[in-house]
Amino acid sequence: KENNPEIKEEDLNWLGLNWDEGPYFQTQRLEFYKKYAQILLEKELAYPCWCSPSELAMKRECQQKSAQALIYSGKCRNLSKEEQKKLKSIKKNQVLRFKIPPGETKVNDLIRGKVVFENNLIDDFIILKSDGIPVYNFAAVVDDHLMKITHIIRGEEHLSNTPRQILLYRALDFPLPYFAHIPIILNPDRSKLSKRHGAVNLRDFKKRGFLQEALFNFLALLGWAPKDNKEFLTSQELIEEFSLVNVSKHPAIFNEEKLKWMNAQYIKRLSNQDLTHLSLPFFKENNPEIKEEDLIPLIPLYKERIKTLADFPKEAEYFFKEDFPPDKEAQDKYLSAPYLKEVLDSLILKLESLEEFNQENIESLIRERALFFNLKAGNLIHPLRVILTGKSVSPGLFLLMEKMGKEKVISRAKKFLNLVLNNHLAKDNK
């Protein structure tokens with residue numbers, strides 16, 4: 001959290017990532033880092049450095065021009081006690097650097113196998129800054145040892161940090177943990193996943209209507225798969241089946257369309273009551289007056305269609321608005337037929353006399369009216385859909401009309417007819 005303040009405990013709780021203790025903050029553990037830094041100093045495995053940032057930048061520039069490795073020159077490494085004492089009296093800002101020994105460092109990675117690093121390409125890195133704050137590599141080693149961490153599983157971009165940490169473990173006589181570096185996650189175009197390219201935090205996924213179970217399941221399968229390639233697993237099943245042996249060495253692809261598909265499957269598995277309860281906040285964002293009972297009739301229409309909870313109010317907006325924006329293309333395609341006024345007039349009369357306004361009776365009546373006027377059923381169904389919803393695509397029209405209710409259906413059909421009549425009058429007056 002110190003490195004990423006956007007992460008909040010409630011976000012991790014929502015995703016189902018629970019913890020046994022903590023959280024811990026490095027700024028509250030400075031006494032531990034100071035203690036182990038002093039041990040390294042006493043063992044002469046670390047040393048103070050007074051090189052200024054400008055001096056280091058100039059040296060780096062020279063190394064770049066001569067195509068040398070960009071590592072610290074070691075200027076302060078071999079200072080005598082007298083020289084150190086003198087510099088300490090003159091300069092206040094000193095850092096503490098770790099002495100890299102000669103030779104090579106082998107990383108026995110549980111995913112990548114043996115990886116060898118030449119120590120002469122690793123500089124004497126800083127472990128404590130001038131204000132006493134530890135750098136990541138040093139703090140991580142001290143924390144992981146004190147917290148008895150046995151396995152360090154992290155992204156492959158941290159592999160270059162591992163030889164530094166192994167050298168610190170050995171210098172402090174700490175037992176080595178196991179290391180496993182998992183592949184990075186890429187966009188579908190194989191560019192690195194980043195905020196600039198659309199990656200978002202957990203809160204954003206929640207706000208966009210993704211279910212916790214779906215996101216948890218999807219993330220767990222990025223770069224890993226169970227032996228039977230099962231796609232839908234509970235958190236407990238994932239805990240029981242996970243093994244580093246099945247982690248891929250290749251980058252995982254974050255495919256949001258696949259996430260939406262998986263989320264849709266989880267929505268279908270929800271009880272109607274749970275879907276109603278979870279969807280309500282998304283409806284209330286634009287219509288605070290909506291209650292759970294208002295959504296109950298819509299569940300059979302949309303449970304099988306929506307991919308996220310946020311899709312629900314967008315898809316069903318015409319149930320609660322009379323001024324919903326119509327699809328211009330759908331209007332032009334389906335509402336310009338010359339026969340439409342006469343057929344709708346007749347259909348409205350029949351609908352008004354319909355005693356039981358249910359799916360079966362509505363379908364029977366619409367098909368009968370189409371046949372009476374020598375039309376295909378679609379020539380009446382498609383215009384009706386646009387009139388009632390403003391869309392060319394919707395759930396099944398007959399069930400939709402039943403859930404919308406007789407009064408609203410007839411009111412919208414009459415409103416359309418009045419609009420057509422007014423348009424004709426306006427043209428005649430011209």
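Predicted model: local features only at pLDDT ≥ 70, side-chain atom pairs only at ≥ 80, totals over all residues.
Axes here are lines fitted to C-alpha atoms, for helices over the stretch in contact, and angles run from 0 to 180 degrees between N-to-C directions.

Start with helix α8 (residues 212-220) and helix α10 (residues 256-269): their axes come within 9 Å and cross at roughly 135°. That angle makes α8 oblique to α10. As for handedness, α8 goes past α10 in a right-handed crossing. On the α8 side, the contact is built from Glu213, Ala214, Leu215, Asn217 and Phe218, and α10 brings in Lys258, Leu259, Met262, Asn263 and Tyr266. Sorted by class, this α8–α10 contact holds six nonpolar, two polar and two charged residues.

Now for helix α17 (residues 359-372) and helix α19 (residues 397-404), which pack at an angle of about 120° with axes 8 Å apart. So α17 and α19 are oblique to each other. Here, α17 passes α19 in a right-handed crossing. Who touches whom? From α17 you get Gln359, Ile362, Glu363, Ile366 and Arg367, and they meet Leu397, Phe398, Leu399, Met401 and Glu402 of α19. The class tally for α17 with α19 is six nonpolar, one polar and three charged residues.

Here are the two pairs laid out in a table.

| Helix pair | Angle | Axes |
|---|---|---|
| α8 and α10 | roughly 135° | within 9 Å |
| α17 and α19 | about 120° | 8 Å apart |

Notes:
Residues numbered from 1 in each chain as written. Heavy atoms only, no water. Helix = DSSP H or I, 4+ residues; strand = E, 2+ residues; numbered from the N terminus. Parallel < 35°, antiparallel > 145°, perpendicular 65-115°, else oblique. Left-handed = near helix turned anticlockwise from the far one by under 90°. Contact = heavy atoms within 4.5 Å. Nonpolar A, V, L, I, M, F, W, Y, C, P; charged D, E, K, R; others polar.
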